[in-house]
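These are my notebook entries on a single chain. I set down what I looked up, entry by entry.

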Amino acid sequence: MTARTTRRTKAAQSRIAAVGAIAVAGALVLTGCGDQTKKDSSGTATNSAPLFSKLPKSIQDAGVVKVGTNAEYAPMESTEGGKIVGVDPDLADALAKQLGVKFEFTSGSFDGLITAVNSGRYDIGMSSITDNKQRQEGLDDKGKKLGEGVDFVDYFTAGTAIYVKKGNPEGIKGIEDLCGKVAAVQQGTTYETALKDQSKKCTDAGKKAINIESFQNDTEAQTRVKSGGAVAGINDYPVAVDLSNKADGGKAFEVINKQYDAGPFGIILNKKNTQLRDALKEAVDAIIKDGSYQKVLEKWGAQSGAISQSAINGGK
């Protein structure tokens, strides 16, 4: 689940948001502590948050930013004790203090997030979503127009990583070593596309194609690698590192090499929602400046993804 990184090649793009119906996989909600609304002497509601006035009136009145996510990608977003936790929810808490409204997370399918944001189900999507031109313009991996694109507010950087079973029994050193082997990946992701592209390179070079096994969620892909049914899985670097550190006490997986082709993760919004987009960018820059951004990344061991300034549609 994979922020979710400049713009990288297909092999390094994180999960692709397809334009399809959203399948909500449980409403797991976390609410940020951003409501700073008070009443003045006349009884009129006021809000002391620095950037509250920059928000659209509809968000001001609601007091909530509805966030769609896919909480399967620790340390970015996952569930613990029925709550959504991780880098993204904690950053949202910091943003909430700047904006003076709550951020309410709901977990559903990753491949429906763009559709859900553009339909108004969510105000934003925040789920390790790689910012790239394909998503900005609503295109498939071949450049065909599929639907509406989205705007991004970039807040993190991550690259691609390949993870394997502990001990690397097949001696995998990179994606080119997967020719003729089984690789596991989450369905509908750009990693799946990257494996297809690499498989073609394999056959063009006279080697066997990659046997790509695509799963509905990343947990299933991880299980396939752990069991030895697949020699490798591909994921965002911080997710792969967290997986290798924590699964079975660090005894299940290891990450091959360092991350490569890093690019930006962004918060996604409907292209018409420019006022909220611009307010979020200001809020991201504010938490970078006041240090709360860095504290969140350090808490989750995600310092490698820190950026110095936000951008709108910075992906290539």
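This is a predicted model: local features need pLDDT of at least 70, side-chain atom pairs count only at pLDDT 80 or more; totals for chains, interfaces and linings use all residues.

I take helices (H or I, at least four residues) and strands (E, at least two) as DSSP runs, numbered from the N terminus. Residues are numbered from 1 along each chain as its sequence is written, and side-chain values use heavy atoms, with hydrogens and water left out.

**Entry 1. The chain overall**

I counted 9 helices and 13 strands in the chain. For burial I use relative accessible area: under 20% is buried, over 50% is exposed, and anything in between is partly exposed (1.4 Å probe, protein chains only). By that rule, 54% of the 316 residues of the chain count as buried. The accessible surface of the chain comes to about 13300 Å², and carbon and sulfur atoms account for 48% of that surface. I note that these areas come from the Shrake-Rupley method with a 1.4 Å probe, and that for residues only the protein chains shown count as cover.

**Entry 2. Ala 240**

I found Ala 240 in helix α7, residues 237–246. Is Ala 240 buried or exposed? Its relative accessibility is 1%, so Ala 240 counts as buried. I define contact as heavy atoms within 4.5 Å. Setting aside neighbours within four places in sequence, I list Ala 161, Tyr 163, Asn 235 and Val 255 as contacts of Ala 240. I also noted Phe 253, which is 13 residues from Ala 240 along the chain, with 8.7 Å between the two C-alpha atoms.

**Entry 3. The disulfide**

I looked for disulfides, meaning pairs of cysteine sulfur atoms within 2.5 Å, and the structure holds 1. Cys 179 and Cys 202 form this disulfide, with their sulfur atoms 1.9 Å apart. The pair links distant parts of the chain, 23 residues apart: Cys 179 is in the loop between β8 (150–165) and β9 (182–186), and Cys 202 is in helix α5 (residues 190–204). Which hand does the disulfide have? The torsion about the S-S bond is about -75 degrees, so the disulfide of Cys 179 and Cys 202 is left-handed. Both cysteines are buried: Cys 179 has a relative accessible area of 17%, and Cys 202 has a relative accessibility of 1%.

Two packed helices are described by the angle between their axes and the distance between the axes. I use axes fitted as lines to C-alpha atoms, for helices over the stretch in contact, with angles from 0 to 180 degrees between N-to-C directions. Angles under 35 degrees count as roughly parallel, over 145 as roughly antiparallel, 65 to 115 as roughly perpendicular, and the rest as oblique.

I first took helix α2 (residues 87–99) with helix α9 (residues 292–299): their axes come within 10 Å and cross at roughly 160 degrees. I therefore recorded α2 and α9 as roughly antiparallel to each other. On the α2 side, Val 87, Asp 90, Leu 91 and Ala 94 meet residues of α9 that include Tyr 293, Val 296 and Leu 297.

I then took α2 with helix α8 (residues 274–290), whose axes come within 9 Å and cross at roughly 105 degrees. That makes α2 roughly perpendicular to α8. Here Leu 91, Ala 94, Leu 95, Gln 98 and Leu 99 of α2 meet α8 residues, among them Leu 280, Ala 283, Val 284 and Ile 287.

**Entry 4. Leu 113**

I placed Leu 113 in helix α3, residues 113–119. Leu 113 is buried, with a relative accessible area of 1%. Not counting residues up to four places away in sequence, Leu 113 touches Gly 68, Thr 69, Tyr 122, Ser 127, Ile 129 and Ile 268. Ile 268 is 155 residues from Leu 113 in sequence, yet their C-alpha atoms are 8.8 Å apart.

**Entry 5. Backbone details**

I recorded a cis peptide bond joining Ala 74 and Pro 75, with omega about 5 degrees. Pro 75 is in the loop between β3 (64–69) and β4 (78–80).

Which value does phi of Ser 128 take? Phi is near 55 degrees, a positive value in a residue other than glycine. Ser 128 is in the loop between β7 (124–125) and α4 (133–137), and counts as buried at 0% relative accessibility.

**Entry 6. Lys 316**

I found Lys 316 in the segment after β13. At 58% relative accessibility, Lys 316 counts as exposed. Lys 316 and Gln 134 are 182 residues apart in sequence and 8.5 Å apart in space, C-alpha to C-alpha.
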